[in-house]
Amino acid sequence: MVYVRPSLCSYCGACVSVCPQNALTLAETRLVVSEACTDCGLCVRACPVGALEARGEGQEARGKGQPATRNSQFATRHLPLATRYDIIVIGAGPAGSMAALKAAQHGASVLLLEKRQEIGSPVRCAEGISHEALTRFWEPDPSFIAATIERAEFYTVAGGRTELRMAGEGARGYVLERRIFDRFLAEQAALAGAHVAVKTAAVGLVIEGEKIRGVQISTGLAQPPRGCKGQSPLPGGVPPEISTIEASVIIAADGVESRVARWAGLGTHLKLRDTLSCAQYLLAGIEIDPAAVCYYTGEEIAPGGYAWVFPKGEGRANVGLGIQPDVAREPAINYLIRFIESQPHLAQGSPVTLVTGAVPLRPVENIVGDGILVVGDAAGQADPLTGGGIPFAMAAGALAGEVAAKFAGARRRRALTGLEEYKARWEADWGRRLRRNYRLKERFSPGDRISHAFLRVFAVATAAVK
Ligand SMILES: Cc1cc2nc3c(=O)[nH]c(=O)nc-3n(C[C@H](O)[C@H](O)[C@H](O)COP(=O)(O)OP(=O)(O)OC[C@H]3O[C@@H](n4cnc5c(N)ncnc54)[C@H](O)[C@@H]3O)c2cc1C
Ligand code: SF4
Ligand code: SF4
């Protein structure tokens, strides 16, 4: 029987093409091996990344000591990493890449880890950003801009009726190509001197006493992190490829799925009511204003959230919605399909991409620990009214990168400086805005989201993010 190392597999399908038994099936991010496998080893040789191993009856039939496959003899190689950096950033989204960039610019040695094989993909975003939020850090570059926005329209849906309630000219902004934008940010970090490693997951922290000393990384088998239950995908027990890298500061930028801060003992769990559960299609073949973003509120289309149409060039748009899962009766995708069916100009389109995900709607209290800073979605740093998180992630990352570099430099000089500066400066500026918007979100019940009062505060919040 052949076994798959999930954390090495890049889901390319080369193995499927050579299997004479049709024993392999490639699901989107899962390779399934069926009982029909005869352990012939052909797929193992076809795999470009050494993600397969044959170690069953076929091997025994070949005789003891006879390696079944090439991968039993050779470990898969990886680009080398140093054993110590000043700063390790976990996660190469906007928060992590900005942290790595700023830390490197401030003279620190930086490792930026990303578990995915392609930074920025798959996209989990509607990709909207205001002109002010983007240009605070970057000039809009045609390579990562899909559409330029000049207008915003606000609709309410009640009793099956859609009504345009507010429209604003001059709502300047962009719809990004996040796949390109996120990669651009990581490239900027690399150009500034940070070491970027893809397909490299953080799987645990090295903690001595209360102090975090480093990160355990996996470039091979998915290994259960410290203190967590887990199973080796290889029952035969191939040793996990885990290594330890030391650092003075860890920056947890691992997004809404964050585990790193929890490993450090910082409570970052969210309540259901503090998440926005989202589903979105990229629709092609629709008639829309290519320079207008449209927002739709109403309990029947998106309880506790809203629907959006963000254009991505002629005839294409990100059409999605987010719901508050504790008050919604059905999953977000059901609301999305009903919403699209209810809007004739959208119903004529074809979905070419499905995006799903969640946004944290409540800022996390503990964003600093002994040797760790938490940034971006991992710290709940998204707007509680809109779910927009890119500007906050970039701002938090930049600030954390700067503070961490100062801290690491001071340690080298044995001077005194604290990581708490990150929290203090964040709270005094962006954090205050997030807390105010969280209070506003709490003030309006899902039923109130069609009120003029809600639309006014919502419009202000969308203009700030997108
Ligand atoms: C459907 C949807 C629509 C949205 N629309 C908008 C919008 O229009 N505008 C806006 O501003 N915001 C929007 N957001 C929110 C926005 O996408 C996030 O706030 C933003 O991406 C947060 O950036 P981040 O860097 O904190 O996290 P992420 O972008 O999620 O990056 C985290 C990275 O960490 C990596 N990672 C995780 N664990 C590990 C590990 N153990 N080891 C190594 N790497 C790891 C992940 O693979 C990922 O690449 C939307 C979100 C969703 C779900
Ligand atoms: S070992 Fe042979 S039979 Fe088994 S999955 Fe690979 S190619 Fe197919
Ligand atoms: S050939 Fe290797 S990397 Fe490609 S799908 Fe098969 S196991 Fe995965």
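Ligand 3 is surrounded by 15 residues, of which Cys9, Cys12, Ala14, Cys15 and Cys47 are the closest; a residue is taken as near a molecule if its C-beta atom, placed from the backbone, lies within 6 Å of it. This shell holds 13 nonpolar residues, 2 polar ones and no charged ones. In this grouping, Ala, Val, Leu, Ile, Met, Phe, Trp, Tyr, Cys and Pro are nonpolar, Asp, Glu, Lys and Arg are charged, and the others, Gly among them, are polar.

The structure is a predicted model, in which local features need pLDDT of at least 70 and side-chain atom pairs count only at pLDDT 80 or more, while totals for chains, interfaces and linings use all residues. Residues are numbered from 1 along each chain as its sequence is written, and chains are lettered from A and ligands numbered from 1 in the order in which they are written.

The pLDDT, the predictor's confidence in each residue on a scale from 0 to 100, averages 89 over the protein chain, with 89% of the residues at 70 or above. Where pLDDT is low, the predicted coordinates should not be read in detail.

The protein chain contains 13 helices and 20 strands, which are DSSP runs (H or I of at least four residues for helices, E of at least two for strands) numbered from the N terminus. Of its 466 residues, 49% count as buried, meaning that 20 or more other C-beta atoms lie within 10 Å of a residue's own; 12 or fewer make it exposed, anything in between partly exposed, and C-beta atoms are placed from the backbone.

The other two ligands can now be visited in turn. Around ligand 2 there are 15 residues, and Cys19, Ala23, Cys37, Cys40 and Cys43 come nearest. They belong to a shell of 11 nonpolar, 3 polar and 1 charged residues. Ligand 1 has 42 residues around it, the closest being Gly91, Gly93, Gly255, Gly376 and Gly389. By class, this shell has 21 nonpolar, 12 polar and 9 charged residues. Strand E18 (350–360) is among the elements that supply at least two residues each, as are helix H5 (94–105) and helix H11 (390–412). The largest share, 4 residues, comes from E18.

Helix H9 (residues 332–342) has Ala332, Tyr335, Leu336, Phe339 and Ile340 as its buried residues. These line one face of the helix, because they fall within an arc of 130° when seen down its axis, the arc being that of the directions from the helix axis to the C-beta atoms. Their packing partners are strands E14 (275–284), E16 (306–311) and E17 (316–323), together with helix H10 (344–347).

Val110 sits in strand E6 (residues 110–113). It is buried because 32 other C-beta atoms lie within 10 Å. Among the residues it touches, leaving aside those up to four places away in sequence, are Tyr85, Ile87, Ala104 and His195. Val110 and Gly401 lie 291 residues apart in sequence, yet 9.6 Å apart in space, C-alpha to C-alpha.

How values were computed. Contact = placed C-beta atoms within 7 Å.
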